[in-house]
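Let's take a walk through this structure, going from the place where the chains meet to the way one of them is put together. Have the 3D view open as you read.

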Protein chains: 2
Amino acid sequence: MAKRPLILVTNDDGITAPGIRTLIEVMNTIGDVVVVAPDSPQSAMGHAITINSTLYCTKLTGVDGPQIEYQCSGTPADCVKLAINELMDRKPDICVSGINHGSNSSINVIYSGTMSAAIEAGIEGIPAIGFSLLDYRWTADFESLKPYVEKITRNALANKIPTDVVLNVNFPKVPKGKIKGIKICRQAKAYWVENFDKRQSPMGRDYYWLTGEFINEDRGEDTDEAALGGGYISIVPTHFDLTAHHAIQQLNTWDFDE
Amino acid sequence: MAKRPLILVTNDDGITAPGIRTLIEVMNTIGDVVVVAPDSPQSAMGHAITINSTLYCTKLTGVDGPQIEYQCSGTPADCVKLAINELMDRKPDICVSGINHGSNSSINVIYSGTMSAAIEAGIEGIPAIGFSLLDYRWTADFESLKPYVEKITRNALANKIPTDVVLNVNFPKVPKGKIKGIKICRQAKAYWVENFDKRQSPMGRDYYWLTGEFINEDRGEDTDEAALGGGYISIVPTHFDLTAHHAIQQLNTWDFDE
């Protein structure tokens with residue numbers, strides 16, 4: 001690529017999160033960066049979009065670096081739509097989302113605002129990567145991920161991500177220097193068992209907190225969970241055709257005429 | 001099935017929407033019904049879940065019919081989690097979601113609260129169906145859909161939905177009596193082109209409304225869009241393993257060591 005690529009950066013933890021600040025630093029070394037990110041945390045927003053209320057978007061001044069930054073009142077998917085269709089002069093060459101504070105491996109991809117932003121870009125025909133670290137803390141070590149984020153992004157730009165595919169990249173939570181490498185994986189078949197923490201408000205009204213336990217019974221060695229458990233970075237190629245093609249034949253045997 | 005099945009009913013338009021009231025009427029003829037639905041409209045919520053705020057849930061009294069009803073302050077996915085893990089005595093035999101006011105065909109499945117509820121049930125191992133009508137109006141004709149909703153649900157109970165598959169059922173908007181039949185389909189490859197309607201508030205602040213145009217360039221005769229366009233009901237078997245298995249080999253040729 002002769003000229004510098006145009007890179008859209010977003011996330012779901014909000015524009016001030018350490019994870020996105022690290023991602024911006026890395027992208028500034030690769031291309032021209034436009035940031036469009038939520039003005040407040042939007043975790044677990046799935047692929048929500050804002051259709052019944054208004055969206056605000058503000059261009060930030062006094063930004064620390066060469067990038068252009070906007071903060072937006074919407075969801076991660078809103079940010080990407082707004083960036084591509086309203087704020088940017090041309091389509092970005094790539095969209096990167098994250099680095100998320102917390103895992104988006106396995107079934108978490110379904111609930112993930114980080115990945116919904118990347119998938120939205122993918123739907124709109126833009127190569128996209130979601131990055132996540134298996135560490136929820138605001139003080140997590142993002143610094144040591146920088147060389148890997150750069151390598152993966154440069155590979156994606158040079159080799160092209162397959163059409164209609166979005167990369168879901170997760171980093172293991174291991175001590176500095178202990179990442180063993182990168183593995184291309186499939187999504188592990190796992191799920192959450194919910195526990196609702198039932199409480200009573202000062203006014204005597206019952207309410208719930210959603211909590212849960214992550215259950216992975218998938219013992220496959222080719223899964224993201226296996227890679228992460230072994231200290232590897234997992235990359236799952238992810239797509240947005242949800243058709244279960246293998247089930248079509250079976251459903252065609254059903255009798256709707258009786 | 002000797003005893004009456006236990007049926008969980010939910011939606012994303014809210015518990016008072018005509019679509020869910022129709023669905024409840026049909027399900028009362030098939031089994032024992034528990035309704036857990038949002039207390040306000042939650043359209044386009046994707047697979048959002050509520051983890052950073054509290055959930056309220058109220059059992060309704062004076063309900064018109066044999067069903068048990070709860071309204072919940074959360075998203076459609078929250079409703080399903082709460083129903084299965086907190087409110088119901090045993091796992092439901094099936095979960096039905098809808099009937100949505102508006103299409104969830106093609107790429108709309110990604111943004112759909114209706115389908116996220118059904119998919120959440122699927123993830124938790126419960127057979128599930130999302131029903132949607134291609135008519136946004138509150139006054140849409142749901143009445144004539146009843147025989148089809150019943151047929152599809154009874155087939156799902158008798159024949160079993162394949163494991164880890166959720167049915168995405170869409171009804172065409174055609175005059176009463178003009179539905180031609182049912183087709184098993186794949187998700188059409190389509191997308192939205194957004195147009196942001198930029199306005200100014202009375203206080204002089206810019207804001208946006210998200211609007212868009214649906215673009216379907218997929219000419220396949222086996223797609224949901226083709227079936228619906230021809231006056232047929234579309235059923236797409238949908239799954240939640242987002243792995244693009246075909247892309248794994250290509251990604252393994254990337255060089256991360258350079």
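Keep in mind that this is a predicted model. Start where the chains touch: 62 residues from chain B and 62 residues from chain A make up the contact. On the chain B side, helix α2 (residues 76–87) of chain B gives the largest share, 5 residues. Sort that side of chain B by class and you get 35 nonpolar, 17 polar and 10 charged residues.

Now look inside chain B. Here you'll find an open sheet of 9 strands with mixed pairing, in the order β3-β4-β2-β1-β5-β6-β7-β11-β8.

Zoom in on one pair of strands: β1 (residues 6–10) and β5 (residues 94–101) of chain B run in the parallel sense and share 4 bridges. Within that pairing, L8(B) has C95(B) in β5(B) as its bridge partner.

Finally, find helices α1 (residues 18–28) and α5 (residues 146–159) of chain B, whose axes come within 10 Å and cross at roughly 55 degrees. α1(B) and α5(B) are therefore oblique to each other, and the crossing is right-handed. From α1(B), T22(B), L23(B) and V26(B) meet K146(B), V149(B) and E150(B) of α5(B). By class, that contact has 3 nonpolar, 1 polar and 2 charged residues.

Technical notes
Residues numbered from 1 in each chain as written. Chains lettered and ligands numbered in written order. Predicted model: local features only at pLDDT ≥ 70, side-chain atom pairs only at ≥ 80, totals over all residues. Contact = placed C-beta atoms within 7 Å. Helix = DSSP H or I, 4+ residues; strand = E, 2+ residues; numbered from the N terminus. Nonpolar A, V, L, I, M, F, W, Y, C, P; charged D, E, K, R; others polar. Pairing = 2+ DSSP bridges. Axes fitted to C-alpha atoms, helices over the stretch in contact; angles between N-to-C directions. Parallel < 35°, antiparallel > 145°, perpendicular 65-115°, else oblique. Left-handed = near helix turned anticlockwise from the far one by under 90°.
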